[in-house]
Amino acid sequence: MSQPAVTYELIKTDKKTGARLGKLHTPHGTFDTPMFMPVGTQATVKTMSPEELKEMGAGVILSNTYHLWLRPGEDIVQEAGGLHPFMNWDQGILTDSGGFQVFSLSKLRDISEEGVRFRNHLNGEKLFLSPEKSIAIQNALGSDIMMAFDECPPFDSSFDYMKTSVERTSRWAARCLEANANPDRQALFGIVQGGGNKELRMQSARDLTSLDFPGYAIGGLSVGEPKEKMNEMLTYTTPLLPADKPRYLMGVGSPDSLIDGVIRGIDMFDCVLPTRIARNGTCMTEHGRIVIRNAKFAHDFRPIDESCDCKVCRNYSRAYIRHLVKANETFGFRLTTYHNLYFLIKLMKRVRSAIREDRLLEFKASFFESYGFNKPGAKNF
Ligand SMILES: [Zn+2]
């Protein structure tokens, strides 16, 4: 077999934790891991230009198969030459399978071995998505990393339902591999499911690793379960995955969970969190979150985060950004979005340095202290 489109190079494993320093080689560049990937649902990271994303050091961004399938349609993206030229992004792109949206956005759905029948959340039209269809769409989009079509059942599903679902997801994963028309240009990652059950996580990991994917994701976590439970599942699941393949924890973007995920051997993360809260006027800082709308910032001419060197913090004040956000000015949301993404991308850079210098646990302790995660009763964010 020829070399997969995406490969992982392990540079160093932390002696005290499971953390890994590595490089992800893709057809659109090589990126340092662990890394955080901004989410661009509709082939755009909301309010950011590709030039700004590049400037802040975003290497791989996400896009969404379900949304692009419905609008504008994968045929139009393909006609443009794929997502990279369509959205003017020449670095890495990862597309999800659409499975998560089908299960989270549509209330009426019918799951069978073949796939899922459901209604389009935009106009109620009847649609069908299967492993083959999801991969055909992702092949047309031309992403560097594609995700296998899976079911993400509610975390509290019964053991019997979860087991049926995990087994079907494994069969779907094999069909996805078979359906990939461009394995030399597009790598397909399998997704380990199994909810909060160790036995099912083990079964899922064993099924998927036997199929030899070029990378593995851990799905079905960060869906409302307590953080301790997520960490427990990670501690258990990552050692079941091969050391020479990248590991991606889906849907995680709060600073504490990123660091806790890295400690348990995760290399890649994505989440809408930093961009979504930015559009509510909430910013991440070294000293925890601030809500820029609050009256206390009206006369505060300091930057969002005094220890941040992003272009927003170098040039704009809390008072000005508060004014823009309160006046619903787009520019205000651009500034908060830019800062939040920069904050997480830089956080991962600091995490990589800490792994390199054998001080990850010390870094975690000081960061958690400063962000406020150690305060009794601190909210988990
Ligand atoms: Zn900043």
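**View 1. K227 in a salt bridge with D256.** At 18% relative accessibility, K227 counts as buried. The term buried means under 20% relative accessible area; exposed means over 50%, and partly exposed lies in between (1.4 Å probe, protein chains only). D256, at 4%, is buried as well. The side chains of D256 and K227 meet in a salt bridge at 3.1 Å, N to O. A salt bridge here is a side-chain nitrogen of Lys or Arg within 4 Å of a carboxyl oxygen of Asp or Glu. D256 lies in helix α10 (residues 255-263) and K227 in helix α9 (residues 227-237), so the pair ties together parts that are 29 residues apart in sequence. Helices (H or I, at least four residues) and strands (E, at least two) are DSSP runs, numbered from the N terminus. The model is predicted: local features need pLDDT of at least 70, side-chain atom pairs count only at pLDDT 80 or more, and totals for chains, interfaces and linings use all residues. Residues are numbered from 1 along each chain as its sequence is written, and side-chain values use heavy atoms, with hydrogens and water left out.

**View 2. The salt bridge between K54 and D90.** The closest N and O atoms of K54 and D90 are 3.0 Å apart. K54 sits in helix α1 (residues 50-56), and D90 in the loop between α4 (83-87) and β6 (92-95), so the contact ties together parts 36 residues apart in sequence. K54 is partly exposed, with a relative accessible area of 39%. D90 is partly exposed too, at 47%.

View 3. E114 is partly exposed at 44% relative accessibility. R117 is partly exposed at 41%. The structure holds 27 salt bridges.

**View 4. The hairpin of β15 and β16.** Strand β15 covers residues 282-285. T282 and M284 point one way from β15, C283 and T285 the other way, and all are buried. β15 pairs with strand β16 (residues 288-291) in the antiparallel sense, over four bridges. Pairing requires that DSSP finds at least two bridges between two strands. M284 has R289 as its bridge partner in β16. Two residues lie between the strands of this hairpin.

**View 5. The zinc site.** C308 (SG), C310 (SG), C313 (SG) and H339 (ND1) coordinate the zinc ion at 2.1 to 2.3 Å. Donors are N, O and S atoms within 2.8 Å of the metal (3.2 Å for Na, K and Ca); water is not among the atoms, so sites may look incomplete. The four donor atoms subtend angles of 100 to 120 degrees, which makes the arrangement tetrahedral. For four donors, that label requires all angles to lie between 85 and 135 degrees. Along the chain, the donors follow the spacing C-x1-C-x2-C-x25-H. C308 lies in the loop between β16 and α12 (311-315) and H339 in helix α14 (residues 330-356), so the pair ties together parts that are 31 residues apart in sequence. C308 is buried, with a relative accessible area of 11%. H339 is buried at 0%.

Note on methods: Tetrahedral: all angles 85-135°; square planar, octahedral: opposite > 155°, others 65-115°.
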